[in-house]
Amino acid sequence: MLKRNIREYGMFIALFVIMAFFTIATNGIFISSRNISNLVNQMGYIAVLAIGMTLVIVIRHIDLSVGFLAGFLGAIAAIGLTAWGLPIWLVIPMVLALGVVTGLISATMIAKFGIPSFVATLAGWLIYRGALLQATLRTGTIIIPNKAFNAIGNGYIPDIPLEGFLPGLHKLTLLLGLCAAVLVVFSAISSRKKKMAYDFDVPSKAMFILQLIFTVILVGAVTYVLAGYNGLSWTTVIVLVVTLIYDFITTKTFLGRHIYAVGGNPEAAELSGISVDKITYVVFGSMGMLTALSGMLFASRLQSATTTAGTGFELDAIAAAYVGGVSSAGGVGKVTGSLIGAIVMMSLTNGMNLMGIDISTQYIVRGAVLVIAVVFDVATRKHRK
Amino acid sequence: MSVPILEMRHITKEFPGVKAVDDVSFTIESRQIHCLVGENGAGKSTLMKVLSGVHPFGSYEGEIFLDGELQKFKNTHDSERAGIAVIYQELALVPEMTVHENVFLGHELRKGLQVDINETIKQTIEILKKVRLDVNPATEIKDLGIGKQQLVEIAKALSRNARLLVLDEPTSALNETDSENLLDLLRELKQQGVSSILISHKLQEVISIADTVTVLRDGQSIITLDASKDEINRDVLIKNMVGRSIDNIYPEREKRELGEVIFEVRDWNAYDTNLGREILKDINIQVHKGEVVGITGLMGAGRTELALSLFGNAAGYNLRGEMILKGKQVRFSHPKKAIKAGLAYVTEDRKGDGLILIQDVKTNITLANLDRILRYGVINGNVEIKDARDYSDSLNIKTPSIEQKVVYLSGGNQQKVSLAKWLYVRPDIMILDEPTRGIDVGAKFEIFTIMNQLVKEGMSIIMISSELPEILSMTDRIYVISDGRLTGELEAKDADQESIMSLATS
Ligand SMILES: Nc1ncnc2c1ncn2[C@@H]1O[C@H](COP(=O)(O)OP(=O)(O)OP(=O)(O)O)[C@@H](O)[C@H]1O
Ligand SMILES: [Mg+2]
């Protein structure tokens with residue numbers, strides 16, 4: 001049981017070790033509510049990219065254009081809000097739709113014209129870089145004065161106005177955490193019951209309860225830490241919602257099955273009635289949409305669109321996905337894994353910053369961690385043969 | 001007696017949940033051909049992977065002796081160096097490279113830093129003579145038929161001075177002539193001091209070539225027969241393989257009235273733009289409800305191409321002609337549409353385009369018909385497990401669980417998963433492309449029984465096969481294809497092997 005799941009647990013253990021290390025090395029500053037809250041906000045725009053990238057890599061492709069595309073779409077959002085004076089409720093869906101369109105353009109290059117994704121998106125990398133520069137050419141950095149928009153990257157969900165009750169803690173966050181815990185417990189119990197109704201094997205009762213307790217403690221701890229500062233940030237909410245939706249799609253729907261089938265063996269998928277081209281369009285379309293989201297998260301966080309926004313995001317996202325266990329051979333990789341991968345990478349940056357470690361050393365450490373994670377992944381996969 | 005060339009002693013190899021090989025011992029004297037037979041999943045391939053170092057020393061129990069010396073292979077390089085060459089069913093040749101490049105791949109002849117091309121070609125010509133392959137060494141592999149590729153593979157082994165050839169189902173993809181050639185070659189090499197281990201489900205072959213035979217069942221060695229002492233015949237082999245005797249290889253077929261014509265192809269032409277030539281010419285075929293139609297012909301005659309062109313044309317040929325399904329003219333632009341309309345296609349190459357090897361048994365079984373496990377658009381994992389178990393049980397798939405990845409199943413059981421996947425679609429017309437390739441006698445019987453059951457329930461089956469006895473016994477009507485053309489149509493009851501062969505080569 002433990003052996004079989006070592007790959008999945010391995011990542012949690014690694015994350016735990018990294019967090020524990022930084023907590024000790026920074027005398028507890030790392031684990032403080034304020035820092036964790038910050039960390040999550042810093043990570044958001046990479047996390048959503050990593051989730052999209054996971055699917056791209058699963059179907060044996062790559063998307064190098066997402067960095068500057070995020071920057072460019074962020075700039076479009078900024079221009080929309082300022083120069084064009086559009087309302088926020090129009091700008092957000094518009095930019096998301098634009099993201100989908102750009103993704104579909106990449107997909108057309110790949111599926112219709114048969115250009116390798118590396119080349120097609122490398123062209124995108126150049127083109128969107130140019131587009132970003134042109135968009136910010138006249139004004140340079142575009143300051144975004146829109147409060148609501150800037151709240152996406154910096155704001156927190158409102159609290160329940162209850163003076164005196166649980167002072168210093170964010171009550172709505174606690175309440176949501178409680179709901180999440182209850183939901184997890186109930187769905188676990190009902191899924192176990194259904195399995196038993198089918199006469200399937202289920203883990204022993206003791207084991208099951210142990211797992212439940214562990215999950216509840218985890219949810220509780222995270223909620224408590226977050227509630228200690230301003231509570232859940234909007235970024236956290238967005239990342240959680242995106243993760244939940246993508247996790248659901250990939251594990252529970254036919255679309256997810258089709259994506260993993262195409263990644264596992266495109267020829268067999270095609271002959272099983274799955275259109276490989278269609279899946280390529282869907283996956284790149286989704287990547288484009290998440291890129292737009294990432295670009296807006298970043299612009300909102302900086303409260304402005306800059307000429308260099310998005311530089312290197314694609315590489316951070318790819319690294320997060322690999323740390324999270326996707327395989328470039330295709331067909332393997334979970335979006336939840338990539339989320340953890342993104343948290344691991346961001347924890348490293350954040351922790352080393354707190355420790356005052358030089359940026360040059362930071363790059364080397366992050367490179368080493370990437371290699372170690374992938375080596376571990378490959379080794380455990382072999383081991384199971 | 002001399003020291004045996006190979007001795008495997010008390011070999012045991014376990015995987016999580018399976019004891020694939022269980023305390024097997026056998027010996028091969030020099031200048032011998034040893035055959036391994038057994039049902040699908042009996043452990044034959046695994047035993048050979050232990051020998052070749054795929055499963056390295058330390059991952060199994062027991063000892064391997066070559067010429068009386070204990071061997072501890074850590075990888076396939078070690079075993080190669082010791083003179084063992086393994087030829088898998090999926091050939092390990094680079095299609096875009098020439099024959100001589102392939103023969104010396106990995107141990108190129110050098111002159112300084114350069115590859116000595118002249119010496120390479122000279123030596124290749126000599127080796128090709130030894131394997132009696134008459135081709136220009138500069139030919140690219142992809143331009144050779146599978147039978148010739150097989151010979152190149154053996155040439156490659158000989159160029160490394162292999163003394164022991166291991167062939168895992170080498171003839172399963174070969175036609176009769178090519179198989180005969182290959183077996184003759186093995187006999188000849190034996191005289192020259194190269195011994196062989198041959199795995200095969202074609203018992204006739206085994207009987208004709210074996211000096212000794214070891215029968216495996218459930219990982220255990222049941223018996224070793226010596227042709228010089230024991231009688232080796234079909235009955236003895238089957239009895240030891242399955243533990244009981246099987247009188248009939250083919251189940252009885254009930255005589256039935258055929259239904260109306262359900263599927264028809266008229267003047268069907270296909271042009272392959274990659275090859276730049278016509279691969280199917282004026283094919284006319286009819287299939288009745290409840291009928292088993294056989295399509296046969298030599299390897300490369302265009303049978304698989306025909307199936308692909310009918311089943312949604314995934315290969316992208318330019319098609320001409322009419323296809324009529326249940327009285328309506330149809331044309332499928334994608335396999336998806338063909339499936340919707342009631343067709344299923346069990347591919348010939350299950351690893352290449354049939355299964356998703358890195359996924360588990362249940363995911364593969366349900367893949368082509370996810371609608372059956374969707375509830376309100378969401379996959380119901382419990383229904384999936386239940387259905388997958390039902391199908392896996394009814395086809396007798398040997399696997400520790402339906403959560404096992406397909407890549408870890410034996411070849412024959414992979415084939416059954418492939419079949420289960422398409423049965424799960426509940427088609428009206430099922431195209432089976434070489435359905436019994438690499439399948440043991442017992443499983444063949446099971447598959448044939450299932451086929452009989454299916455046609456009785458009203459399904460129609462198009463069975464593509466090179467095995468003439470099986471085509472003759474299992475079908476109602478037979479179409480023979482040669483070089484992309486239909487050269488004959490026979491009632492199965494009036495046909496025999498000779499009449500088919502003469503049509504197939506006309
Ligand atoms: N790498 C592996 N991991 C787990 N199980 C395996 C692995 N390789 C083989 N097995 C299992 O070991 C058993 C023996 O398999 P093997 O491939 O040796 O059978 P075989 O005799 O060659 O059968 P076939 O005639 O179908 O090729 C099977 O039950 C198979 O599922
Ligand atoms: Mg085998």
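The legends below describe close-up views of a predicted model. Residues are numbered from 1 along each chain as its sequence is written, while chains are lettered from A in the order in which they are written. In this predicted model, local features need pLDDT of at least 70 and side-chain atom pairs count only at pLDDT 80 or more, whereas totals for chains, interfaces and linings use all residues; side-chain values use heavy atoms, with hydrogens and water left out.

**View 1. An open sheet of four strands in chain B.** The strands follow the order E2-E1-E4-E5 with antiparallel pairing, where two strands pair if DSSP finds at least two bridges between them, and where strands (E, at least two residues) and helices (H or I, at least four) are DSSP runs numbered from the N terminus. The edge strands, each pairing on one side only, are E2 (18-28) and E5 (69-71) of chain B. Strand E4 (residues 61-66) of chain B is joined to E5(B) by three bridges, and B:Ile64 stands opposite B:Gln71 in E5(B).

**View 2. A nonpolar patch on the surface of chain A, with A:Phe186 among its members.** The patch has about 740 Å² of accessible area together, by the Shrake-Rupley method with a 1.4 Å probe and only the protein chains shown counting as cover for residues. Patches are made of residues with over 30% relative accessible area and no salt bridge, like charges being joined within 9 Å and nonpolar side chains (Val, Leu, Ile, Met, Phe, Trp, Tyr) within 5 Å. A:Phe186 belongs to helix H7 (residues 171-197) of chain A and is exposed, with a relative accessible area of 59%; exposed means over 50%, buried under 20%, and partly exposed in between (1.4 Å probe, protein chains only).

**View 3. A buried serine, A:Ser347, in chain A.** This residue is found in helix H14 (residues 335-354) of chain A, and its relative accessible area is 0%. Leaving aside residues up to four places away in sequence, A:Ser347 touches several residues, including A:Leu15, A:Phe22 and A:Met352, contact meaning heavy atoms within 4.5 Å.

**View 4. A salt bridge between B:Arg303 and B:Glu434.** The closest N and O atoms are 3.6 Å apart, a salt bridge being a side-chain nitrogen of Lys or Arg within 4 Å of a carboxyl oxygen of Asp or Glu. B:Arg303 lies in helix H9 (residues 303-310) of chain B and B:Glu434 in the loop between strand E21 (429-433) and helix H15 (441-456) of chain B, so the pair ties together parts that are 131 residues apart in sequence. B:Arg303 is buried at 4% relative accessibility, and B:Glu434 is buried at 5%.
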